Amino acid sequence: MKDVLHKLCNEAGLNNITYLALTEDSQLSTEAKIFSTYDEGWTNRYQEQKYHLIDPVVVEGLTSILPVDWSKLTKKDKLTKDFFGEAAEWGVCENGLTIPIRDFAKRRAILSVNTEMNTREWNKYQREFVADFTYLSYLIHDDVIKNDASISQEVELTPRETEMLRWAAIGKTSWETAQITGLTERTVNFFLTNACKKLHAGNRVSAVAKAISYGLISI
């Protein structure tokens, strides 16, 4: 994942990219999963000191539904000033953007991009690419959870939903599946729709892909 983030930084003209996910889905937990292009010394210190509990970028990002512009964050209290002062010593630039992420299991994560561009350049840049950053954040998050074996335990498909996905996985249409199973086409679509909702998938193709990656079905 770090190699991917470094490559994205180079291609996007950014200084650093960080992905952070909570290990618990209800409150700010004492542990967080972090992949970052920042100096390894800073990343290690950040995790050791559990800075995600006080980092305004993380706190705001995990509770917001819209991208968080770092320049709009309040940095008046001493704890926050000291944190940003130390971060700057490790090469964390002033301008950045944090994208909130929510997944089908209600887990929370963020993707933060950081740059040394001046404010004028950065404002223009983020207006142009904020949609791309948002799309990118979900692609990265999806890749992370695909490799997390515990995710599949969060999704509970009924036997019928699983069966319909299996038929869809081998290319059967709803009508064909209805003929095979003895159900109506409307009922087949009902089970597939339910499966899509549970898997947080926009269509049956995406639902099949996720179900396979989570080990819920096989073909």
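Begin by selecting Phe 83, which touches Trp 42, Tyr 46, Tyr 51, Ile 54, Asp 55 and Pro 56, when residues up to four places away in sequence are not counted (contact means heavy atoms within 4.5 Å). This is a predicted model, in which local features need pLDDT of at least 70 and side-chain atom pairs count only at pLDDT 80 or more, while totals for chains, interfaces and linings use all residues. Residues are numbered from 1 along each chain as its sequence is written, and side-chain values use heavy atoms, with hydrogens and water left out.

Phe 83 is found in helix H4 (helices are DSSP runs of H or I with at least four residues, strands are runs of E with at least two, and both are numbered from the N terminus). Because its relative accessibility is 5%, Phe 83 counts as buried, a word that means under 20% relative accessible area with a 1.4 Å probe and protein chains only.

Turn next to helix H7 (residues 174-181) and helix H8 (residues 185-198), whose axes come within 8 Å and cross at roughly 110°; axes are lines fitted to C-alpha atoms, for helices over the stretch in contact, and angles run from 0 to 180 degrees between N-to-C directions. H7 and H8 are therefore roughly perpendicular to each other, the term for angles of 65 to 115 degrees. To see where they meet, select Ser 174, Trp 175, Thr 177, Ala 178 and Thr 181 in H7 together with Glu 185, Val 188, Asn 189 and Leu 192 in H8.

Notes. Angles under 35 degrees count as roughly parallel, over 145 as roughly antiparallel, 65 to 115 as roughly perpendicular and the rest as oblique. Buried means under 20% relative accessible area, exposed over 50%, partly exposed in between (1.4 Å probe, protein chains only).
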